[in-house]
Amino acid sequence: MPTAAPTAAPTGPTPENPPAERGERSPPPDGGVPLLRVGGLTCYFPQRGGVLQTVTDHVKAVDGVSFDLARGETLGLVGESGSGKTTVGRTILRLITPVHGVRIGGTVTFDGQDVLAARGAADRALRRDMQIIFQDPAGSLNPRMRVWEIVSEPLLVHGLARGKDRLLTQARELLERCGMSRAAAERYPHEFSGGQRQRIGIARALALNPRFIVCDEPTSALDVSIQAQIINLLTDLQRDMGLSYLFISHDMAVVQHVCKRIAVMRQGRIAEAGDRDQILTDPQHPYTQQLLAAVPVPRPRRSA
């Protein structure tokens, strides 16, 4: 379960929450029909208390988030820890569902289909088109399974391939596409470095040939040099496959290289959204200004 955000900010205008920017929908850059449209998305987690552990209140982890994502576009979703970024991505994919007191509202439309209302065959079809790359590559891979079993499992679940030979062949092809050797298919996750594990996770996300991928801080657990390799891989895959990314991160430097549009989240809401250059060079919201001011700037040693 992702970390819940603090209770949402007051709804009335304040110096920290200018009403003009909060929750604005940023249109896709091509002006066409967006692949993904999120409108007024909410996700409230229950707070329980008393002897019977009854629900006494709700934490507003996501509180009225709206944005559009075009085909082949990368939208950066940035903010501090606990701002609700990961919860947005997981709610869109229905990895968080309205059970055990969780409240989910708003609309999520993917290529004209209502994601939150989809059931049965419609739900299975949507899950083939929408995938996720997790933040922790080690924690997202089953240590008891060989790499080929991990990568090919989506094909088996959706009935797209049967038999070890065919599954192994397709897993090897996916691993090669992600910069891994074919021999890696027969090994276990613990035999690889963090960057290699993330490549395995990316290969698994590509198994069903999706159109939209939630990248949930895919580089935050990696060394800087490995981060650049993973970013380059994601960029190449987007170019070759026409993928759309929702790129979740708290690292402005990474977002700057990956995204053309950025949405800044604060306490479950979008504080500001716009083009990358506008957000990075001329931020309007005080919170965005604070985020950018907190980015470390290297200073060369002054000569004596």
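Let me begin with the disulfides: by the rule that a disulfide is a pair of cysteine sulfur atoms within 2.5 Å, the count comes to zero. The structure before you is a predicted model, in which local features need pLDDT of at least 70 and side-chain atom pairs count only at pLDDT 80 or more, while totals for chains, interfaces and linings use all residues. Residues are numbered from 1 along each chain as its sequence is written, and side-chain values use heavy atoms, with hydrogens and water left out.

Cys-215 illustrates the cysteine result. Its sulfur is 8.8 Å from the closest cysteine sulfur, which belongs to Cys-259, and this is too far for a bond. Cys-215 counts as buried because its relative accessibility is 0%.

I turn now to the chain as a whole. The protein chain has nine helices and ten strands; helices (H or I, at least four residues) and strands (E, at least two) are DSSP runs, numbered from the N terminus. Of its 304 residues, 48% count as buried. Taking contact to mean heavy atoms within 4.5 Å, we find that 69% of the contacts between residues at least 6 apart in sequence join residues at least 24 apart.

Next, the interior. A nonpolar core is a set of buried Ala, Val, Leu, Ile, Met, Phe, Trp, Tyr and Cys residues joined through side-chain atoms within 4.5 Å. The largest such core holds 48 residues, of which Val-151, Leu-175, Ile-200, Ile-202, Leu-206 and Leu-234 touch the most other members. A second, separate core has 32 residues, including Ile-92, Val-108, Ala-118 and Met-130. To return to Ile-202: with residues up to four places away in sequence not counted, Ile-202 touches Ile-133, Cys-178, Ile-230, Leu-233, Leu-234 and Leu-237.

Which strands flank S8? Strands pair if DSSP finds at least two bridges between them. Strand S3 (residues 74-78) pairs with S8 in the parallel sense over five bridges, and strand S7 (residues 212-216) also pairs with S8 in the parallel sense over five bridges. From S7 the chain passes through helix H6 (residues 224-241) to S8 in a right-handed β-α-β crossover. Right-handed here means that, with the strands pointing away from the viewer, the path from the first strand over the helix to the second runs clockwise.

How much of strand S8 is buried? Six of the six residues of S8 (residues 244-249) are buried, so the strand is largely enclosed by the rest of the structure. Ser-244, Leu-246 and Ile-248 point one way, Tyr-245, Phe-247 and Ser-249 the other way, and all are buried. S7 is mostly covered as well, with five of its five residues buried. On one side of S7 lie Phe-212, Val-214 and Asp-216, and on the other Ile-213 and Cys-215, all of them buried. S7 also pairs in the parallel sense with strand S6 (residues 130-133), over four bridges, where Ile-132 has Val-214 as its bridge partner.

Gln-198, in helix H5 (residues 194-206), is buried, with a relative accessible area of 1%. A polar atom of the Gln-198 side chain lies 2.8 Å from the backbone oxygen of Pro-218; the criterion for a polar contact is a pair of N or O atoms within 3.5 Å, where within protein one must be able to donate a hydrogen and the other to accept it, and residues adjacent in sequence count only if both atoms are side-chain atoms. Leaving aside neighbours within four places in sequence, Gln-198 is in contact with several residues, among them Ile-133, Phe-134, Leu-222 and Ile-230.

I close with backbone angles. Most residues other than glycine have a negative phi. His-100, however, has a positive phi near 55°; it is in the loop between H1 and strand S4 (103-110) and counts as exposed at 68% relative accessibility. Gln-267 has a positive phi of about 50°, is in the loop between strand S9 (261-266) and strand S10 (269-275), and is partly exposed, with a relative accessible area of 22%.

Conventions:
Buried means under 20% relative accessible area, exposed over 50%, partly exposed in between (1.4 Å probe, protein chains only).
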